[in-house]
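My notes follow the display.

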Amino acid sequence: MIEIKDLHKSYRMGSNSLHVLKGINFKVEEGELVAIMGSSGSGKSTLLNILGMLDGADSGDYILDNVPIKNLSETKAAQYRNKFLGFIFQSFNLINYKSAAENVALPLYYQKVPRKERQEKALQYLERVGLKPWADHLPSELSGGQKQRVAIARAMAAEPKVLLADEPTGALDSKTSYEVMDLIQKINDEGNTILIVTHEEDIAHMCKRIVHLKDGVIVEDKKIEQVRAEQYV
Amino acid sequence: MFDLERWQEIFDTIRKNKLRTFLTGLSVASGIFILVILLGFGQGMRNGIENEFKQDASTSVWVWPGVTTKEYKGLNPGRRIQLVNDNFDMANTMFKSDIEYGSPRIFVRGVNVNYGKEALVYGVQGVGADFQFIENAGMIEGRFINYTDEVSTAKVAIIGNKIKKDVFKKVDSPIGEFIDISGIPFKVIGVFKEMEDREEERIYIPITTSQKAFNGGNKLNNMSFTLPPAENFDQAVAQAVNFKNGVKSYLQQAHIVAPDDTGAIEVWSAMEEAKRFYGLTNSIKIFFWFVGVCTIIAGVVGVSNIMMIVVKERTREIGIRKALGAKPWSIVGMILHEAIFVTAISGFGGLIFSMALLELVGPHVEVDYIMNPSVNFNAAFSTVIVLILAGTLAGFVPAWRAAKVKVIESLRDE
C-alpha cells in the first residue's frame with residue numbers, strides 16, 4: 001500500500017540546514033496498523049506530513065497505492081488527499097461553526113457528492129463511532145473523546161486508502177484514549193490501513209507493528225503482539 | 001457562481017457566522033452610506049451656489065456712470081457724468097437687434113413715503129416696464145408696470161413681498177391700496193418676489209412718473225439690459241462682451257470721455273461674472289470628485305482590510321478544508337464568493353438607505369449655499385459596483401495567500 005525508498009528531507013533555517021529525515025525505507029501492506037514512535041525531533045511528524053502530502057520530500061520515492069507521489073501541484077495533491085487519505089489530528093481540527101454531521105460530511109463535499117447523500121453518509125459514519133444522537137451538536141458541545149470520534153468519522157467518510165493519525169490520543173485522558181484506540185482497532189479489523197504517530201508506549205502497543213525513529217533514521221521496525229484496547233474500556 | 005452546492009455552503013457559513021457577516025456588511029454599508037451622503041452634499045452645494053447666482057437674469061448688463069479720471073479734449077478730470085433719457089433711447093436704437101429687454105432707472109431721493117399714518121422707510125425707484133425681466137422679479141399679485149403706465153405717467157406702485165408682509169398685514173391684499181409719496185397718492189397694483197429680502201424692500205414706480213413728479217428732469221441713474229439667449233455659453237459671453245464694449249464706447253463719445261478712462265462709464269455684465277462662477281463650480285465639482293475618489297479608496301482599503309481579517313480568522317478552517325481535499329481555487333472561490341455576496345447585499349443596502357435619506361431630507365435642507373442635496377443614481381450605482389469590484393480584487397490577494405499556505409502551518413495556527 002505504502003512504499004518509501006531512501007526518503008530525505010531537510011529544513012532550511014536561515015543559513016543552517018537541518019537534516020530531519022536521513023534516508024527512510026519502509027513498506028506498509030494493506031490492513032496494517034502501524035505505530036511510528038520517536039522522541040520529539042526524531043522526524044516522525046515530518047514523515048507523517050510527507051506521507052499526508054502536506055509537505056514534499058527532497059529526494060527519494062513515495063508510492064501510494066501504486067501511484068508515485070512526486071512533484072505534485074497543489075491541486076493534484078488536494079485531489080490525492082481527498083481520494084487516498086484520511087487525517088486524524090491531535091487537536092481534532094473540527095470546524096467549530098459546523099455541527100458534528102456537517103463536519104463529517106465535509107470531505108464528501110469536496111468529492112462532489114450531492115447534499116442529500118452526504119448527509120446520509122455522515123449519519124451512517126457517526127453511527128459507527130456511536131455519536132448519532134450528537135449529530136446536530138457543535139464541537140464546543142462535545143467532550144474531547146467525542147470530538148476525536150467525530151474526527152475519526154470524518155476521516156472515514158471519504159473512504160480513504162490510508163488513515164493517518166497524528167498523536168490521536170495526545171489531548172485525551174487515558175480512559176478516553178483507550179476508547180479511541182478501541183475504535184481505531186475496530187476500524188483496522190475491517191481491513192483499513194492505519195498509521196499512528198505517537199510517543200506513548202501503551203498506545204503503540206495497541207498497534208500491530210512499531211517503527212522507531214531516531215535522529216531521522218529508522219532504528220527499529222518490529223511486528224508485535226497487539227494489545228486489545230477493549231479490555232481497558 | 002451558479003454552483004448550487006457552493007451557494008448552500010456559503011449560506012451555511014453566513015448563517016452560522018452572523019456576527020462576522022453583520023459587521024462586515026455594516027462597515028461596507030456605512031462606507032457607501034457616507035460616500036453617497038458626501039456626494040449628495042457636494043451636489044447640494046453646487047445647487048446652492050448656482051441658486052445664489054441665479055437671482056438676476058443671467059444675460060443682464062448694467063450701466064452706471066461715475067467720475068472721469070482723465071483729462072480729455074480740454075475737459076478736466078473729476079467731472080461727474082450724468083446719464084439722460086437720450087442716452088437710453090440712443091442705446092436702444094443703436095443696439096436694437098442685440099437687446100432683449102432694456103430699462104432705465106432712477107433712485108428717487110428725498111421723498112417721504114406713508115401708508116395711512118405709518119411712515120415707510122423703503123427706497124423708491126423709477127423703472128421701465130422691462131425691468132421686471134431684468135431683475136427676474138416674480139409677480140405674486142397684480143402686475144408689473146406696463147408701457148401704458150409709462151406713457152400716461154400713471155401714479156402706480158409695485159411693492160416687494162417683504163413690504164407687503166411688514167406693512168399690509170391688516171388688509172387681505174395690498175392691491176388697490178394707496179401709498180403716499182411726498183403728498184402724491186400712488187395706487188399699489190402689484191407685489192413682486194425676489195430671492196433676497198433686501199431686494200424686496202423696494203417700491204417701483206414708472207420711470208416717467210418719477211421724472212415728472214419728483215423733479216427728475218431727463219436724468220437717469222443707471223440703465224440695464226438683457227441680451228437674447230445665445231446658442232451656447234461661449235457665444236453668450238462673446239455677445240455680452242461685444243454689447244458691453246459697444247455701449248461703453250457710445251456713452252464715452254456722448255459724454256466726451258477718454259476711451260481709456262475706466263471710471264467714468266462702468267458696465268457690468270452678468271455673463272462675464274457667470275463665466276467666473278462657472279469656473280468656480282467646476283473647481284467645486286473637481287473638489288468633490290477628489291473627495292469622492294478618496295472616499296472610494298478609503299472604502300476599498302476598508303473592504304480589503306475586512307477581507308484580510310476574515311481570511312486570517314479562517315486560516316485554521318482553510319487548513320482543515322485543504323487537508324480534507326479542498327483545492328486552492330475552491331478556497332479562493334469560497335472566500336470571494338462569500339465576500340462578493342455580502343459586499344453586494346450590504347453595499348446596495350447602504351446605497352438604498354442613503355438615497356432614501358437624501359430623498360426624504362434633502363428637499364428640507366435650508367442652509368445658505370446648500371440646496372436640495374441629491375445624488376445621481378447612476379453615479380452612486382457605479383460607485384457601488386466599483387467598490388465591490390475593487391473590494392473583490394483587494395480580497396483576492398489575502399484569499400490566494402491563504403489558499404497557498406501550507407496545511408501544516410495553518411493547522412498550527414491556534
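I am working with a predicted model, where local features need pLDDT of at least 70, side-chain atom pairs count only at pLDDT 80 or more, and totals for chains, interfaces and linings use all residues. Residues are numbered from 1 along each chain as its sequence is written, while chains are lettered from A and ligands numbered from 1 in the order in which they are written.

**Chain A.** I looked up seven helices and 10 strands (DSSP runs, H or I of at least four residues and E of at least two, numbered from the N terminus). Of its 233 residues, 48% are buried (20 or more other C-beta atoms within 10 Å of the residue's own, C-beta placed from the backbone). I then took contacts (C-beta atoms within 7 Å). At a separation of 6 or more, 69% of them link residues 24 or more positions apart.

**Chain B.** I found 13 helices and 16 strands here. Buried residues are 37% of 414. Of contacts at least 6 apart in sequence, 81% join residues at least 24 apart.

**Helix pair in chain A.** I checked α4(A), residues 115–128, against α5(A), residues 144–157: their axes come within 9 Å and cross at roughly 130°. Axes are lines fitted to C-alpha atoms over the stretch in contact, with angles from 0 to 180 degrees between N-to-C directions. On the α4(A) side, I noted A:Lys121, A:Ala122, A:Tyr125, A:Leu126 and A:Arg128; they meet A:Ala153, A:Met156 and A:Ala157 of α5(A).

Key. Two residues are in contact if their C-beta atoms, placed from the backbone, lie within 7 Å. A residue is buried if 20 or more other C-beta atoms lie within 10 Å of its own, exposed if 12 or fewer, and partly exposed in between; C-beta atoms are placed from the backbone.
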